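Biologist: I am new to this structure. Could we go through it together?

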Amino acid sequence: MQRKHDRRASKNRDHFTEKGKRSRTSSERSAGRHEVWSWKTASKESLCLMWQKVKVQLMLSMSFLTALFWYCRRLYSFLAQLLKRWSNYLQRQLIRNLSVLPEVDLLGYSAREWNGETKQAKQMREAYEELFRSCHIKYLRQVRRDNYSVVRAVLFQIFSQGIHFPSWMKERDILKLPEKLLYSQGCNWIQQYSFGPERYTGPNTFGKLRKCMEALKTNWAEISATRDHEERGSMCNTLFSDESKEYKLYEAIKFIMLYEVVEAYEQMKSRDVPVHNLFSLLFARDSSSDPLSFMMNHLNSIGDSVCLDQVELFLLGYLLEVKIRVYRLHRFNTEEFQVTYPNEYRREWNEISLLTEDDRYYHIPLFRT
């Protein structure tokens, strides 16, 4: 009996021990699951908090980038408009300063300028149509309407075509012409020379003339040495948009005309060398019977109150060694519609063309076949 009781007691102890073990194992498992759940929950909460922060930062960054993009786009648009306005302003200023404007359609220009029904307007339109049809003149370049008009039109074409110095300029240094005229030939009266609107310069005449001659020689040599036509045209546009520079060129041409007249006058007096008959025409006028009267009554007023007349156009073509063909629209249907200055010229001379409606202001015709 005692043994049975001991075995039963032993079984009970084993049962409670095993039950206790199972209870502890269950508790341990429950605690482990709780720890895992707590870790997952903490990780998830941490990730959520981190995502919230990142999300806020991303939203702020996206807002900033959107605002920056909008600002840059507005800034680009503003700068583009500003650049366009500045470019248009510079272009308007350049065109305004240009003394020889870009080419325009010949018949379009005629229709705008002579759109009336008067006899003169109809005749001018007919003359322009004749130039377009028979002379193959399709465009023209307008030249500033001032008293340098014809000299400007001639020089611009000489430069733009790359025509070189005339032969006599290659043999002499034109920079020394003022000095030679003043000291060698005793022409003290050149101190009364007028530079266009500047009526009198007195003792400063010699220095100003030398600067004018330097400007003519330098620009002529530089432009004529440029072979590329477009580059040469750009150089001409730049030069003929600077009044102070281009006026020096015109005054240099005026002085060369005076120098040629003085030399021809001396040769006629000595009768050693025959002179061109255009000088006979020039000295036959009561207002230019000698070089001084030519300067005082004609040359000094050029650029100020008068342009070159026909006799001086002969002289201009002669000294520059170019054949100047002039279409005189107000002489349409007459023998004087198309004339050449000078009427006697050498075969090797280059030809330039002018167009005038009144023998005062001149434009440059452009030929297209």
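Modeller: Arginine 328 and aspartate 359 form a salt bridge, with their closest N and O atoms 2.5 Å apart; the term denotes a side-chain nitrogen of Lys or Arg within 4 Å of a carboxyl oxygen of Asp or Glu. The model is predicted, so local features need pLDDT of at least 70 and side-chain atom pairs count only at pLDDT 80 or more, while totals for chains, interfaces and linings use all residues. Residues are numbered from 1 along each chain as its sequence is written, and side-chain values use heavy atoms, leaving out hydrogens and water.

Biologist: Is arginine 328 buried or exposed?

Modeller: Arginine 328 counts as buried because its relative accessibility is 3%. Buried means under 20% relative accessible area, exposed over 50%, and partly exposed in between (1.4 Å probe, protein chains only). Aspartate 359, at 22%, counts as partly exposed.

Biologist: How many salt bridges does the structure hold?

Modeller: The structure holds 21 salt bridges. One of them joins glutamate 351 to lysine 323 (3.4 Å, N to O). Lysine 323 is buried, at 11%, whereas glutamate 351 is partly exposed, at 35%.

Biologist: Which residues have the most contacts inside the largest nonpolar core?

Modeller: They are Phe159, Leu258 and Ile324, in a core of 73 residues. Such a core is a set of buried Ala, Val, Leu, Ile, Met, Phe, Trp, Tyr and Cys residues joined through side-chain atoms within 4.5 Å.

Biologist: And how many disulfides does the structure hold?

Modeller: It holds zero disulfides, a disulfide being a pair of cysteine sulfur atoms within 2.5 Å. Cysteine 236 counts as buried, at 0% relative accessibility.
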